[in-house]
Amino acid sequence: MDFSREKPLMRVNAVAVGMLTALITLAGCRTAMRVGSPTSAVARGGLAPTPPMGWNSWNKFGCRIDENLIKETADAIVSSGMKDAGYHYVNIDDCWEAPQRDADGNLATDPQRFPHGMKWLADYVHSKGLEIGIYSSAGTGTCQRRPASLDHEVADARTFASWGIDYLKYDNCNNQNRPALERYKAMGDALAAAGRPIVYSLCEWGRNKPWEWGRSVGGNLWRTTGDIRDRWDSMLGILDKQVGLEKYSGPNAWNDPDMLEVGNGRMTNSEYVAHFSLWSLLNAPLIAGNDIRSMNDSTRAILTNRDVIAVDQDWGGMQGHRIRDDGEQEVWMKPMSNGDAAVVLLNRDSAATATIAVTPQELGLAAGRHGVRDLWTHKSATVDGTISAAVGPRSVAMYRVSKGS
Ligand code: GLA
């Protein structure tokens with residue numbers, strides 16, 4: 001059976017020079033996959049040259065999912081401008097599965113929630129120029145106790161390929177204490193043999209340092225921590241655990257600090273701006289987790305901020321990392337591929353505004369004058385020497401500092 005199909009090559013808007021480079025790589029990889037065998041791990045390794053962007057059902061909807069939600073979300077990703085901003089995966093998390101495997105032992109779709117079946121839904125998502133993701137666990141059951149893929153890897157990967165799935169999030173529940181590397185490799189190998197390029201997202205919660213072996217099992221991204229919650233402290237707790245992981249991330253193999261909570265209602269707008277800024281600086285997968293169908297203008301403005309997305313999608317050789325920890329105030333920096341530096345000034349304090357300053361030299365740039373673009377106001381200026389900002393409580397300022405003046 002031939003599962004290959006034309007996929008949209010221009011799926012990420014070129015919002016920066018770095019992104020253009022990524023697109024050229026992406027187009028090259030996909031062309032190679034179509035003309036050659038799409039089954040090798042090497043070919044699949046070309047599936048995420050930049051951090052994946054899309055949406056996932058879990059953070060907002062949990063198990064309250066069905067085919068209408070997925071269809072309407074795909075429509076809304078297009079009509080809201082999210083697709084034009086680069087979001088192209090529509091990912092279904094846990095609870096899509098029927099309570100039992102079918103008579104042939106294959107995973108089956110919940111017939112009540114998804115009466116038309118997964119292939120039909122995948123066709124719909126593809127008709128919108130988007131791609132579809134699904135979820136399973138490297139265990140005997142998913143976290144919500146639906147059938148999962150441990151010891152069924154080959155059959156399940158073939159099922160996903162036959163439905164037209166483009167992305168698999170592979171969880172860690174009910175793993176029978178079997179070694180993680182073995183379990184995740186089994187699915188990596190099965191995906192490689194399934195006849196369709198499928199992005200492989202390891203959701204191992206960072207328990208066994210997946211950043212050290214995720215790439216070797218064909219992983220394109222791996223969760224570094226437990227689950228995010230829609231709270232400032234949860235977001236910062238995850239941020240703190242990213243320190244030191246920067247050296248493991250790179251094209252086709254990204255650290256994943258978990259999906260976005262932007263727009264889910266339990267953080268303030270400026271906390272969501274901080275969350276989105278920091279995740280972008282970390283080259284995190286930008287997987288929105290809100291209700292795209294009804295999001296308000298502030299949420300849409302955050303999720304579609306192209307200046308910030310351009311930082312996420314650019315690979316300058318190192319994901320963003322903390323360069324200064326002054327307690328409640330921190331400075332995070334990411335080198336950009338054209339020699340610029342992206343910088344986030346973070347004020348963790350819950351009550352007081354703080355002035356946070358950074359010199360060009362701390363950012364790896366020459367002393368003196370530099371062009372500085374505020375990535376949230378979109379205003380540019382020339383700054384001589386120290387860059388500084390009064391940053392409100394639980395807020396950030398984010399800049400792109402040019403290599404030269
Ligand atoms: C785990 C994962 C979450 C989500 C749920 C679904 O907790 O880490 O991201 O997929 O399972 O049950």
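Is C95 buried or exposed? In this predicted model, C95 is buried, with a relative accessible area of 0%. Its partner is C63, and the disulfide that joins the two has an S to S distance of 1.8 Å. C63, by contrast, is partly exposed, with a relative accessible area of 23%. The bond links distant parts of the chain, since C63 sits in the loop between α3 (58–61) and α4 (67–79), while C95 sits in the loop between β2 (89–91) and α6 (117–127), 32 residues apart.

A search of the whole structure finds 2 disulfides, and the other one is formed by C143 and C173, whose sulfur atoms lie 2.1 Å apart. The torsion about this S-S bond is about 100°, so the disulfide is right-handed. C143 belongs to the loop between β3 (131–137) and α7 (153–163), and C173 to the loop between β4 (167–171) and α8 (180–192), so that this pair ties together parts 30 residues apart in sequence. C143 is partly exposed, at a relative accessible area of 27%, whereas C173 counts as buried at 16% relative accessibility.

When the bonded cysteines are counted along the chain, the disulfides follow the pattern 1-2, 3-4. C203 is itself buried, with a relative accessible area of 2%.

Definitions and conventions:
Residues are numbered from 1 along each chain as its sequence is written. This is a predicted model: local features need pLDDT of at least 70, side-chain atom pairs count only at pLDDT 80 or more; totals for chains, interfaces and linings use all residues. Side-chain values use heavy atoms; hydrogens and water are left out. A disulfide is a pair of cysteine sulfur atoms within 2.5 Å. Helices (H or I, at least four residues) and strands (E, at least two) are DSSP runs, numbered from the N terminus. Buried means under 20% relative accessible area, exposed over 50%, partly exposed in between (1.4 Å probe, protein chains only).
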